[in-house]
There are 2 protein chains.
Amino acid sequence: MTYCIAVSLKDGLVLTSDSRTNAGIDNVSIYGKMHAFNTNPDRKIVMLSAGNLATTQSVIDQIKRDIKEHAEINLNTVHYLSEAAEYLGRISVEKQRRHTDDGQSSFNPSATFILAGQIAQEPHGAYLVYPEGNCITTSRQTPYLQIGENKYGKPVLDRFLKIDTDLHEAGRCCLISMDSTMRSNASVGAPVELLIYTKDAMKLDEYYCFQEDNEYLIQLRRMWHEKLKEAFATLPQFSKDDAKPLPGCF
Amino acid sequence: MTYCIAVSLKDGLVLTSDSRTNAGIDNVSIYGKMHAFNTNPDRKIVMLSAGNLATTQSVIDQIKRDIKEHAEINLNTVHYLSEAAEYLGRISVEKQRRHTDDGQSSFNPSATFILAGQIAQEPHGAYLVYPEGNCITTSRQTPYLQIGENKYGKPVLDRFLKIDTDLHEAGRCCLISMDSTMRSNASVGAPVELLIYTKDAMKLDEYYCFQEDNEYLIQLRRMWHEKLKEAFATLPQFSKDDAKPLPGCF
């Protein structure tokens with residue numbers, strides 16, 4: 001499994017991903033899921049991936065080859081992020097089809113991607129590319145996208161992410177969301193990669209890689225747990241006076 | 001969808017369930033999912049249900065008929081909760097098979113149950129009965145069971161439920177877990193039923209039914225949100241000094 005988040009805010013982008021890949025519970029490896037495409041100085045494009053590793057790798061390979069061989073459409077020639085997302089969708093579908101064309105196999109080569117970044121003067125943004133090749137972006141009301149194991153870590157994103165949240169605050173929110181997910185799903189694991197992109201900066205220089213034993217991550221986890229315990233202890237009690245016998249007893 | 005929790009603690013049981021049933025997003029109804037079987041004074045047995053409503057109702061009907069008609073094995077004759085859970089599993093499988101015997105249909109009549117309570121001098125407990133008819137119970141380390149939409153509300157249970165947690169504290173924990181789930185999944189909804197059973201009490205008289213606009217539930221939700229916001233605001237910041245350029249750029 002995998003867990004990746006992309007947050008697109010007024011001030012820029014926050015991208016977070018775990019690094020655990022497994023082909024069965026007895027075959028677990030570390031693979032980063034954050035991939036940067038950064039050869040054209042007028043654009044910064046980063047991809048997050050979830051799903052079949054072979055599909056992911058062949059998609060990345062194709063993207064790189066298209067750039068090198070100056071294919072008509074490639075990540076260095078597209079004018080809009082949405083165009084880049086559609087291009088990624090087409091490659092992804094093509095790579096998946098190669099392994100399912102017999103229509104018989106129960107084998108699932110599907111992969112889901114997030115493409116985020118900024119192209120020239122266009123606004124920064126993020127797109128989620130489904131295995132079917134279609135895509136969605138964020139909204140003012142829901143400024144984030146998730147791929148992989150999204151449920152455990154969703155409530156905290158819903159609570160704290162607003163369109164005008166500070167980028168570093170959003171980064172902490174993503175780390176908390178990632179921590180809740182790693183606690184509940186053993187197939188999501190460190191190192192945790194975090195990238196903060198300030199809009200119009202055209203730099204990918206604020207990147208963090210938190211290992212399992214990273215001091216900051218341990219402190220964040222411990223403090224969040226302590227604070228939640230304190231918060232929980234102060235909650236109002238429901239009154240026994242409101243209790244009644246369970247109806248429908250027979 | 002549905003969300004139900006059963007917590008089995010040193011001091012007794014805490015059961016919580018939502019009340020939303022849907023056959024498609026355009027067909028939503030209110031059905032309680034907490035069912036008590038309470039005609040034998042030496043036992044208290046409560047069932048929580050998730051899944052196909054027709055299967056659930058025919059299972060309940062069969063349980064009632066078996067009691068009325070004094071079937072050899074029924075909820076009033078079994079000696080152990082595990083025996084009751086196995087009996088429920090058999091009925092459930094039988095009811096599901098009636099509607100899938102052609103083996104063709106993609107129709108899914110499956111249902112999952114939790115059976116909790118106490119029989120005579122036996123210890124109180126809770127069992128989760130899978131659609132296949134097999135079942136599991138709680139452990140000292142994981143004193144709770146969930147059915148239905150279990151992911152959004154799981155982190156808070158993992159944080160706060162210990163085997164010796166006070167019953168009312170566990171009740172608040174379940175309400176918080178339910179609230180997180182209702183926020184994230186529109187097919188889980190009020191009223192929220194909550195039952196607290198003190199071990200050996202042989203009474204089902206501490207039952208609460210919280211409607212959507214219940215004052216206590218609104219206050220709990222608001223306070224939890226405020227406290228979490230306060231907690232979040234105090235979290236330590238990661239240092240920009242640790243940032244580096246994203247590797248793997250090419």
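Student: In E8(A), which residue is the bridge partner of Phe113(A)?

Tutor: In this predicted model, the partner of Phe113(A) in E8(A) is Val129(A), where strands (E, at least two residues) and helices (H or I, at least four) are DSSP runs numbered from the N terminus. Residues are numbered from 1 along each chain as its sequence is written, chains are lettered from A and ligands numbered from 1 in the order written. Local features need pLDDT of at least 70, side-chain atom pairs count only at pLDDT 80 or more, totals for chains, interfaces and linings use all residues, and side-chain values use heavy atoms, without hydrogens and water.

Student: How many bridges join E7(A) to E8(A), and in which order do the strands of their sheet lie?

Tutor: Strands of a sheet pair through backbone hydrogen bonds, either parallel or antiparallel. Here E7 (residues 111-119) and E8 (residues 125-129) of chain A run antiparallel and are joined by five bridges, two strands being paired if DSSP finds at least two. The sheet is open, with five strands in antiparallel pairing in the order E5-E6-E7-E8-E9 (chain A). E5 (34-37) and E9 (135-137) of chain A each have a single partner strand, so one side of each lacks a neighbour in the sheet. From one strand to the next, the twist averages 20 degrees.

Student: Which strands does H2(A) touch?

Tutor: H2(A) packs on this sheet by touching E6 (43-51), E7, E8 and E9 of chain A (contact: heavy atoms within 4.5 Å), and its direction makes about 155 degrees with that of E7(A); axes are fitted to C-alpha atoms, for helices over the stretch in contact, and angles run from 0 to 180 degrees between N-to-C directions.

Student: Which residues of H1(A) meet H2(A)?

Tutor: The H1(A) residues are Thr55(A), Ser58(A), Val59(A), Gln62(A), Ile63(A) and Asp66(A), and those they meet in H2(A) include Tyr87(A), Leu88(A) and Ile91(A). The axes of H1 (residues 53-68) and H2 (residues 81-97) of chain A come within 9 Å and cross at roughly 130 degrees.
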